[in-house]
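Q: I'd like a close look at just one part of this one. Take me through it piece by piece, then set it in its surroundings.

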Amino acid sequence: MMSVKYFNNWIKEAGRGHITAIVSWISFAVYGSLTISRLSLDTEYTYFGIGSMELSRICACLGIVIAFSEFFYLLQQKKQDFYYSLPVKKSTIFWSRYFHGMLHFVISLSIVMIICSIYQSTIDEEFRLHAVGYSIKSILIFTAIFLMFYHIAAVSIVVCGKLYSAVLVTGILIFYFQLFINGICQAFIKSYFATYYKIPVIEKLNIVLVPLSLSGKFSGTDLFEKEKILTYLPNTFYGAAVFLWLAVPFLIFAWANRTRKTEATGKVFAVPGAERSIEFLISFSAALWAGGFLLEVTHINEKSRLLCGIIVAAVGAITAVGVHCLFEWIVENTKRKIFRRKPQLIAEIVSAVIGGVLFLGYAPVYDNFFPAKETLKTIGVSVNGLDMGHSEFIQNTNEDGKFITDRRLKQYTFSSEGMEAAKDWIQDLKKSEDVGNYIVKTGSQDSYTFATVCYHMEGGKERYRTYSVSRRAFDAFSNVYNTAEYKSRAYPVSAIEDVNDLNNNGFTWSDGISQKALKLSDSEKATLITKYKEDIEDLRMEDLKGQLPSGEIEIESQISGRTTRMIIYPFFGQTCTFLGQHGVKIDTGLSNYAVESIMVHNVLHSTAPGTSGGTIVQIYDEKEDIEKWDNRLVPQKFDVQTLISPLDYSIDAEAEVNEETTNSIIKIDCHAKLN
Amino acid sequence: MIKINELTKNFEDICAVNHVSITVPDGVMFGLLGTNGAGKSTLLRMLAGILEPDGGDIYIDNEEDHTHLTCKENFFYLPDSPYYFSNASIEEMARFYRNQYPQLDIEAVHYMSGALNLDILCPLRTFSKGMKRQAFLLLALSSNTKYLICDEVFDGLDPIITEVMKNLIRQEMKERELTVIVASHRLRDLQDICHNIAILHRGGILTAGELKGRATDIHKIQCVFEHVNLDYLKNLLDVMHCQRDGYFTTLIIRGGIEVIMKGIALADPVFSREVPLTLEETFMTVMEGTGYDVSKIL
């Protein structure tokens with residue numbers, strides 16, 4: 001049995017180059033200094049441990065750098081001969097280096113965490129309560145992140161015989177799944193699945209299979225509230241994923257190090273199994289990527305599904321063969337036989353073809369999905385452009401607007417009458433639009449907007465779909481809109497059951513130009529809310545056509561500081577009468593204010609080839625000119641129904657209004673009403 | 001004693017060492033001779049425990065597992081280009097080796113370094129090739145291991161340094177029962193120092209053992225003739241090699257010495273005497289008929 005002293009001697013020996021020590025201690029010294037200086041300025045949004053993206057990235061980088069520093073001898077023939085000729089076991093050299101790298105990291109990290117913790121405790125009372133727990137959790141979590149990358153790099157070095165191949169394999173292990181999911185699977189999904197919005201399983205895989213994303217998620221970098229960060233405990237699911245990223249590479253390199261032959265140093269791959277696996281992964285994914293790329297570039301999927309399948313399969317097969325041969329040439333097999341692994345080559349081709357065709361075959365199943373009644377728990381619906389201003393509509397129409405849809409899907413989640421109405425509407429929509437047809441998504445003339453639906457299934461699963469919505473279908477959405485459940489989501493104040501809850505809240509009237517605090521007693525507030533609820537109850541989607549809000553009441557919670565909007569339309573008879581009785585002028589607009597000037601940006605779009613668009617800016621400060629405009633302009637704040645009550649969005653105006661009560665100039669951003 | 005039995009090593013489809021069997025007695029200097037790629041280094045690396053054999057056995061002092069730590073403590077492997085830590089001096093390397101070979105004599109390192117004019121504190125990277133070889137040889141000898149495995153240690157060195165190193169080895173062998181296995185691709189490097197030589201060719205062994213012992217019926221005769229008739233001599237005796245240099249004719253002849261001398265006497269020489277064969281000549285004669293291109297290792 002190996003003595004502890006003997007092993008310790010080799011741990012000391014592992015530190016001969018001091019590279020690990022230098023890299024580790026300097027990194028943490030710099031990180032600690034910078035964090036302490038940031039903590040001295042702000043303790044609310046500065047986190048030295050959990051919640052720190054910088055620390056997460058430092059740990060990832062150190063994992064890779066330290067692994068290369070410690071196990072670099074496995075890539076050096078001369079050094080390896082030197083070590084292995086000595087009276088020492090190969091495993092002793094390997095594991096002493098493993099522990100040496102880990103020890104330097106853990107010690108330096110722990111010291112920095114303790115110093116930062118002590119410092120923050122002296123200046124931050126709230127932190128003091130959580131100091132010990134937060135510091136210990138931080139040390140454990142970031143050690144796990146370090147080990148994840150340490151093991152990834154270690155396994156890459158052990159299975160490779162050259163530096164460049166070890167670096168490449170490390171890169172492959174870190175980025176492969178990210179590229180595979182986002183670059184390959186998503187390309188197929190977007191091309192084939194007409195109703196695709198997102199697939200939660202793929203979103204989760206995109207985190208758990210991507211070490212960088214997983215380390216961010218695991219270390220709480222997606223949290224922003226201090227309380228949550230200080231009391232953070234990692235999610236079990238992500239914890240299990242981190243454990244697998246630690247354990248699987250560990251087991252592989254522990255096994256590979258035992259079977260690795262000394263003479264393999266200098267070859268591209270030192271372990272034949274690794275060579276085959278990497279060859280398979282690269283050939284398979286390159287073949288799929290080529291098919292996906294062809295789809296994106298040529299849009300052949302819009303013409304014929306069969307033709308598309310044949311072309312994707314053919315391109316995939318050709319690419320698999322090409323990449324396989326290239327790989328064989330790169331790994332320099334001594335026999336120089338490019339087709340030496342025929343069964344593997346066939347497996348690569350078959351996998352690539354099946355992969356491409358699977359997407360194609362699954363597309364109708366995906367697009368025609370509609371949950372059975374007993375499996376559906378709730379349903380979330382977001383119709384793009386409904387209860388939405390123009391700028392939000394444009395943003396949501398583009399790819400980067402997913403967060404808007406996600407927010408709205410949470411807001412507009414129905415479980416009773418709203419759900420039933422929404423289900424009927426979606427089924428009508430599916431029948432009329434034939435969602436299995438590719439043409440739907442890519443621009444049928446009839447397409448008006450789109451609706452995103454989230455089916456919340458019994459058991460917690462979520463299924464998302466996006467449907468194209470025609471003008472007729474949009475109007476038919478009134479069946480959903482007019483339900484009390486929908487209105488309670490769109491007009492949250494109407495859902496308040498106990499109006500006494502609002503007693504201490506502040507009520508402020510705004511006509512889009514100026515604000516006025518409403519002096520209402522508790523009973524008056526209750527009356528106002530009751531009347532508003534009655535108006536909302538009577539509201540129909542059809543009533544909104546061509547209507548703009550007269551103003552809004554902002555209810556600010558004295559406890560949470562949150563603001564709730566009550567949009568007031570002129571046809572809200574009871575609410576308007578009540579407000580009129582309490583001194584609010586409902587029908588005021590810019591013309592009721594002393595407008596000093598109006599700057600109008602007229603955006604001209606290119607209408608024909610050879611012409612270019614542009615913006616004409618005009619400033620009006622003459623009374624006659626201002627009078628022409630102030631009746632046309634509507635504060636952008638009241639652009640709340642871009643599809644039902646659209647404005648002229650080619651005109652952006654800025655009105656300078658002299659606010660007499662405060663004797664100040666205020667600037668109001670406006671759009672023009674349609675002529 | 002080192003006993004190598006049917007040792008085999010393949011690098012993919014290349015057979016580097018092919019069923020080699022050698023026995024190295026204790027206290028001798030054993031030479032491994034062969035051209036580049038003959039399998040000498042592979043054989044030594046297997047012996048040193050760096051490479052794992054694909055077949056065959058290595059017994060060190062009858063110990064089956066020659067990679068066992070107690071067994072490896074008896075070995076010092078000296079490659080053709082020894083590895084040293086960056087900026088390390090002889091002193092630092094000696095301290096490192098001391099941790100691996102507890103019997104290493106630091107004082108001997110100091111003494112030998114002084115004798116060879118090597119600065120013990122100077123970084124090894126600043127040393128010339130010959131100085132590095134000397135430094136590592138003295139470290140190897142000071143480690144007091146029973147076996148020393150050297151790979152091409154004399155290659156590319158000038159004759160003076162080569163002689164110094166050989167003397168160091170000789171001296172150490174004289175003082176204790178050190179067994180040295182040395183590989184070279186030049187016969188001249190080994191002929192004056194090795195007791196036994198094995199010749200490796202394409203992974204296989206052509207011959208091994210005490211070569212001089214095998215050449216007992218081969219004799220080298222130096223003669224001076226007034227009128228030499230070589231055809232007569234060749235018909236009369238089994239002349240293997242004949243060389244004329246001025247008055248002198250040197251003959252290598254197979255057969256009993258008495259028969260040879262009588263035969264030469266019939267040719268009426270002015271002068272004749274037997275001179276000892278060099279290892280090179282012995283080697284050439286032993287190798288005759290094997291088809292091996294001897295000029296490659298001369």
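A: Two strands pair if DSSP finds at least two bridges between them. Helices (H or I, at least four residues) and strands (E, at least two) are DSSP runs, numbered from the N terminus. Keep in mind that the model is predicted: local features need pLDDT of at least 70, side-chain atom pairs count only at pLDDT 80 or more, and totals for chains, interfaces and linings use all residues. Residues are numbered from 1 along each chain as its sequence is written, while chains are lettered from A and ligands numbered from 1 in the order written.

So, on to the part itself. In chain B there's an open sheet of three strands, in the order 2-1-4, with antiparallel pairing. Strand 2 (14–24) and strand 4 (55–60) of chain B sit at the edges with a single partner strand each, so one side of each has no neighbour in the sheet. On average, neighbouring strands here are turned by 20° against each other, direction ignored (axes are lines fitted to C-alpha atoms, for helices over the stretch in contact, and angles run from 0 to 180 degrees between N-to-C directions). Zoom in on strand 1 (residues 2–11) of chain B: this strand and strand 2 of chain B run antiparallel and share seven bridges. For one bridge to look up, take N10(B), whose partner in strand 2 of chain B is C15(B).

Now step back to the rest of chain B. Its secondary structure comes to eleven helices and 13 strands, and the C-alpha trace spans about 70 × 45 × 30 Å along its principal axes.

Elsewhere in chain A, the axes of helix 1 (residues 4–14) and helix 5 (residues 90–123) come within 8 Å and cross at roughly 65°. Among the residues meeting there are F7(A) and W10(A) from helix 1 of chain A, and F99(A) and H100(A) from helix 5 of chain A.

Methods. Contact = placed C-beta atoms within 7 Å.
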